[in-house]
Amino acid sequence: MMEGRRQEGVVMEMSKNSNPITQLQTKFKDLENGFRAWLSNQSLPVEAAVVTATSAVQGAAIGGFMGTLTNDSSSVFPTPPPTAAAGLNPQAMASLKQAQALSGGPLVQARNFAVMTGVNAGISCVMKRIRGKEDVQSSMVAAFGSGAMFSLVSGMGGPNQAANAVTSGLFFALVQGGIFQIGQKFSQPPTEDTFYTRTRCMLTNLGLQNYERNFKRGLLTDSTLPLLTDSALRDVKIPPGPRLLILDHIQRDPELRERR
């Protein structure tokens with residue numbers, strides 16, 4: 001019986017390795033890890049330049065795609081002739097510039113997104129290298145620089161470019177700070193998950209991670225692993241095959257066997 005299980009595990013592993021999608025994901029992950037390892041060994045100026053450039057390219061691609069969806073709606077806000085523009089007050093002209101910046105076609109949006117993402121990533125990289133961590137303060141500083149540069153490049157500033165750049169930077173910083181705090185809150189695992197660390201590891205090794213919620217529904221925590229019986233696993237609706245694998249694992253685990 002044990003030989004049959006071993007052969008079944010070998011077949012599953014071979015099937016996983018022959019999956020082209022899995023192989024592609026593995027190769028991409030290896031390339032990504034290798035690139036990150038190389039980048040971490042570079043000097044700060046080199047790392048910041050590479051991160052800024054790659055992020056700007058990504059942002060430009062996203063902005064260009066979004067610009068095609070807007071179908072260049074900037075034509076709805078045409079720039080008035082010089083004689084008419086002279087008659088507009090500064091506030092109205094600044095509002096027009098802002099509308100044009102936010103509703104431009106592919107090239108305009110590609111430029112705007114390239115500036116925002118590139119500057120944000122570059123400042124974040126520098127802050128993380130200097131401070132040794134990525135926190136809400138670093139995130140807000142990066143967002144401030146991103147917002148200020150976006151305001152200057154897009155022409156949203158109008159006659160008071162410096163003041164409007166600061167205002168835009170502060171707005172970006174506040175929004176990014178709020179998003180960072182919310183993300184941190186929801187990214188933390190629930191308190192109850194700490195009681196299922198060993199259980200989760202066991203199920204993952206057995207390829208039975210889908211049954212973690214069954215353990216949680218039955219309150220079968222890490223401390224109950226040495227006490228598990230077939231009837232207890234049956235009560236939480238775990239099928240016979242997975243039950244046998246779990247009980248066999250517990251019986252062969254020296255630490256768990258000592259607690260029984």
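**View 1. Glutamate 47 is buried, with a relative accessible area of 14%.** Buried stands for under 20% relative accessible area, exposed for over 50% and partly exposed for values in between (1.4 Å probe, protein chains only). The model is a predicted one, in which local features need pLDDT of at least 70 and side-chain atom pairs pLDDT 80 or more, while totals for chains, interfaces and linings use all residues. Residues are numbered from 1 along each chain as its sequence is written, and side-chain values use heavy atoms, with hydrogens and water left out. The side chain of glutamate 47 meets that of arginine 129 in a salt bridge, with N and O 2.1 Å apart; the term requires a side-chain nitrogen of Lys or Arg within 4 Å of a carboxyl oxygen of Asp or Glu. Glutamate 47 belongs to helix 3 (residues 44-70) and arginine 129 to helix 6 (residues 106-131), so the bridge ties together parts that lie 82 residues apart in sequence. Arginine 129 is partly exposed, at 34% relative accessible area. Nine salt bridges are counted by this rule.

**View 2. Helix 6 has 26 residues.** From its first C-alpha to its last, helix 6 reaches 37 Å, close to the expected 38 Å (1.5 Å times one less than the number of residues). Helices (H or I, at least four residues) and strands (E, at least two) are DSSP runs, numbered from the N terminus. Buried residues of helix 6 include Gln109, Asn112, Phe113, Met116, Ala121 and Cys125. Gly118 and Gly122 are also among the buried positions of this helix. Glycine 132 follows helix 6 and has a positive phi, near 75°.

**View 3. Arg200, Glu212 and Lys216 are linked in a network of salt bridges.** In the pair formed by lysine 216 and glutamate 212, the closest N and O atoms are 3.3 Å apart. Both residues of this pair lie in helix 10 (residues 212-217), four residues apart, or about one turn of the helix. An α-helix has 3.6 residues a turn, so residues three or four places apart point the same way. Glutamate 212 is buried, with a relative accessible area of 14%.

**View 4. Arginine 243 forms a salt bridge with aspartate 230.** The closest N and O atoms of this pair are 2.9 Å apart. Arginine 243 counts as buried at 10% relative accessibility. Aspartate 230 is partly exposed, at 25% relative accessible area.

**View 5. The largest nonpolar core has 14 residues.** Such a core is a set of buried Ala, Val, Leu, Ile, Met, Phe, Trp, Tyr and Cys residues joined through side-chain atoms within 4.5 Å. Met202, Phe215, Leu228, Leu233 and Ile246 touch the most other members. Helix 9 (197-205) and helix 12 each supply at least two residues of this core. Leaving aside residues up to four places away in sequence, phenylalanine 215 touches residues including Tyr196, Thr199, Met202, Leu203, Leu228 and Ile246 (contact: heavy atoms within 4.5 Å). A second, separate core has five residues, among them Leu39, Val51, Ala121 and Cys125.

**View 6. Ile62, Phe65, Met66 and Leu69 form a nonpolar patch on the surface.** Together they have about 430 Å² of accessible area, from the Shrake-Rupley method with a 1.4 Å probe, where for residues only the protein chains shown count as cover. Patches take residues with over 30% relative accessible area and no salt bridge, like charges being joined within 9 Å and nonpolar side chains (Val, Leu, Ile, Met, Phe, Trp, Tyr) within 5 Å. Methionine 66 is placed in helix 3 and is partly exposed, at 38% relative accessible area.

**View 7. Leucine 219 and lysine 237 have positive phi values.** For leucine 219 phi is near 55°; this residue sits in the loop between helix 10 and helix 11 and is exposed, at 62% relative accessible area. For lysine 237 phi is near 65°. Lysine 237 sits in the loop between helix 11 and helix 12 and is exposed, at 68%.

**View 8. The chain has 13 helices and zero strands.** Of its 260 residues, 30% count as buried. Among contacts between residues at least 6 apart in sequence, 61% join residues at least 24 apart. The chain exposes about 16500 Å², and carbon and sulfur atoms supply 63% of that area.
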